[in-house]
Amino acid sequence: AQACTNWPRQDNLAVMRPPDISGPTYNYWLNTSTEPNENRAALMLGRGNFRVATSRGHLTDMVDLPANSSLMVVLDHGLRAIPVLGPALEWPPTEPWPPAGRSPLLVTQDQLIYRMPTRNPEYQLVLVTPRTNMQREMFEGWWWLLPSSLALAIFIGGLASQLAGQRQSLGAELQGALRRGELQVLYQPIFDLRTRQCVGAEALLRWRRPDGTLTSPELFIPMAENTGQIRPITDFVLQRLLEQLGHLLRANPQLYISVNLAACDVMVPRIGKVMARLLALHRVAARQIAFEVTERGLIDVVVARHNLQALRDVGHQVLIDDFGTGYCSLAYLQTLPVDYLKIDKAFIDALGHDAASSGVAPHIIRMAHALELKVIAEGIEFEDQALLLSSEGVRFGQGWLFAHALSAVQFIDLITRGRRLGPRRLDDEV
Ligand code: C2E
Ligand code: CA
Ligand code: CA
């Protein structure tokens with residue numbers, strides 16, 4: 001066995017016991033110590049033969065626990081608790097565990113128990129602190145802090161509930177928006193940069209409220225991802241796209257539509273099933289629907305690879321969106337089942353109006369080609385950019401130079417007019 005570490009002592013690398021949490025991709029070991037300076041791992045992450053460890057210092061820098069308090073990760077539906085910081089305490093701290101009631105703070109005879117909400121039902125974070133300790137400290141000269149800390153707490157609490165309220169109201173509104181048909185799907189045409197023929201389009205969402213205001217997907221998509229509302233939204237896009245363009249796709253078997261997937265759409269095999277049902281219903285070939293996945297959707301590589309491969313196996317194309325803005329390296333991408341790489345608009349912007357200053361885009365393109373990945377450029381606004389990209393071997397592109405996002409009717413019109421771009425630039429639907 002070989003170890004590579006930046007620690008002077010390496011004994012902490014040897015994990016002998018089985019992991020505390022085994023995930024589909026990673027294993028986790030949680031370690032504890034009461035010694036503040038002991039150079040032991042607080043958290044160790046493992047995959048295959050590899051382990052990454054954090055030093056306790058990282059945690060203790062941020063969390064200053066009162067004496068005899070303990071921060072614990074609770075597993076197995078409350079049966080097991082592993083202390084992350086502080087000593088191991090008797091578990092469970094109350095009978096029954098989990099306690100009845102939903103209040104996160106529990107006050108027992110001698111302890112304060114705070115259950116931190118986590119999004120994952122598999123584990124919980126629990127902070128246990130002795131009650132007497134806190135109270136004693138408070139009366140030993142710190143009592144005067146009470147009024148000001150109360151005021152601060154009320155202020156922070158108010159702020160938090162206001163933020164939560166805002167978020168909830170946008171979330172509730174979005175729910176209604178979907179029902180009332182305020183969400184629309186537009187299609188931004190994608191062109192062959194050499195022939196200037198339209199080869200397909202990217203489906204892009206719009207939220208048009210009754211008063212006419214337009215909410216950007218960049219605002220409501222991330223929120224919908226957090227609240228879980230993204231699933232019905234993704235389903236809506238797929239359904240709407242086949243309703244609107246099913247006929248066009250059947251009549252033009254070379255044409256394809258590209259759909260943006262959220263990170264959580266990639267983590268479950270659901271999309272494949274939803275899609276298969278719709279494709280059968282509208283008699284459209286799977287190869288006419290492509291899926292765009294951002295690098296954020298690839299955090300759990302094993303799961304993502306499996307689900308993307310399943311999509312490709314039935315004939316869909318898969319492409320990496322916003323390439324270059326995340327953490328993926330090209331070499332890592334090569335191991336993923338993808339067909340295309342979509343270079344983010346930021347790199348196309350850097351190409352400038354004049355081809356003289358070209359930034360990193362040409363390098364990305366060459367490397368992508370070396371890895372046998374096809375490239376699409378997004379956000380092309382100037383003819384010089386299109387020419388340069390084309391000369392670098394980029395086959396496809398989209399951007400305001402060619403067309404804005406169009407309504408279904410406008411897009412159908414573009415295709416049936418002969419797929420050639422007229423002298424007039426196509427404009428966004430009004
Ligand atoms: P994206 O996938 O990177 O989409 C490209 C964005 O760039 C779109 O913004 C498009 O309208 C815009 N764009 C295209 N060409 C040009 C150009 O030449 N110049 C400039 N300045 N912009 C251009 P949009 O439609 O506002 O979408 C923003 C983001 O919202 C998308 O980024 C995508 O991440 C997300 N999104 C949109 N629709 C959906 C959807 O149906 N599902 C999911 N999950 N995300 C979506
Ligand atoms: Ca996209
Ligand atoms: Ca982008």
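1. Helices (H or I, at least four residues) and strands (E, at least two) are DSSP runs numbered from the N terminus.

2. This is a predicted model, in which local features need pLDDT of at least 70 and side-chain atom pairs count only at pLDDT 80 or more, while totals for chains, interfaces and linings use all residues; side-chain values use heavy atoms, with hydrogens and water left out. Residues are numbered from 1 along each chain as its sequence is written, and chains are lettered from A and ligands numbered from 1 in the order in which they are written.

3. Buried means under 20% relative accessible area, exposed over 50%, and partly exposed in between (1.4 Å probe, protein chains only).

4. The calcium ion (ligand 2) has E202 (OE), N260 (OD1), E292 (OE) and D321 (OD) as protein donors, at 2.2 to 2.3 Å. Donors are N, O and S atoms within 2.8 Å of the metal (3.2 Å for Na, K and Ca), and the site may look incomplete because water is not among the atoms. The pair E202, in strand β11 (residues 198-208), and E292, in strand β14 (residues 289-294), links parts of the chain 90 residues apart. E202 is buried at 5% relative accessible area, and E292 is buried at 1%. The calcium ion (ligand 3) lies 5.7 Å from the calcium ion (ligand 2).

5. E202 also has a polar side-chain atom 3.2 Å from an oxygen atom of ligand 1. For R206 the corresponding separation is 2.9 Å, and for E378 it is 3.3 Å; a polar contact is a pair of N or O atoms within 3.5 Å. The protein covers 85% of the 810 Å² of accessible area that ligand 1 has on its own, as given by the Shrake-Rupley method with a 1.4 Å probe.

6. Ligand 1 is surrounded by 21 residues, the closest being Q188, R206, K345, E381 and W400; a residue is near if one of its heavy atoms lies within 4 Å. Strand β11 gives the most to this shell, with four residues.

Key
Polar contact = N/O pair within 3.5 Å; in protein donor to acceptor, adjacent residues only side chain to side chain.
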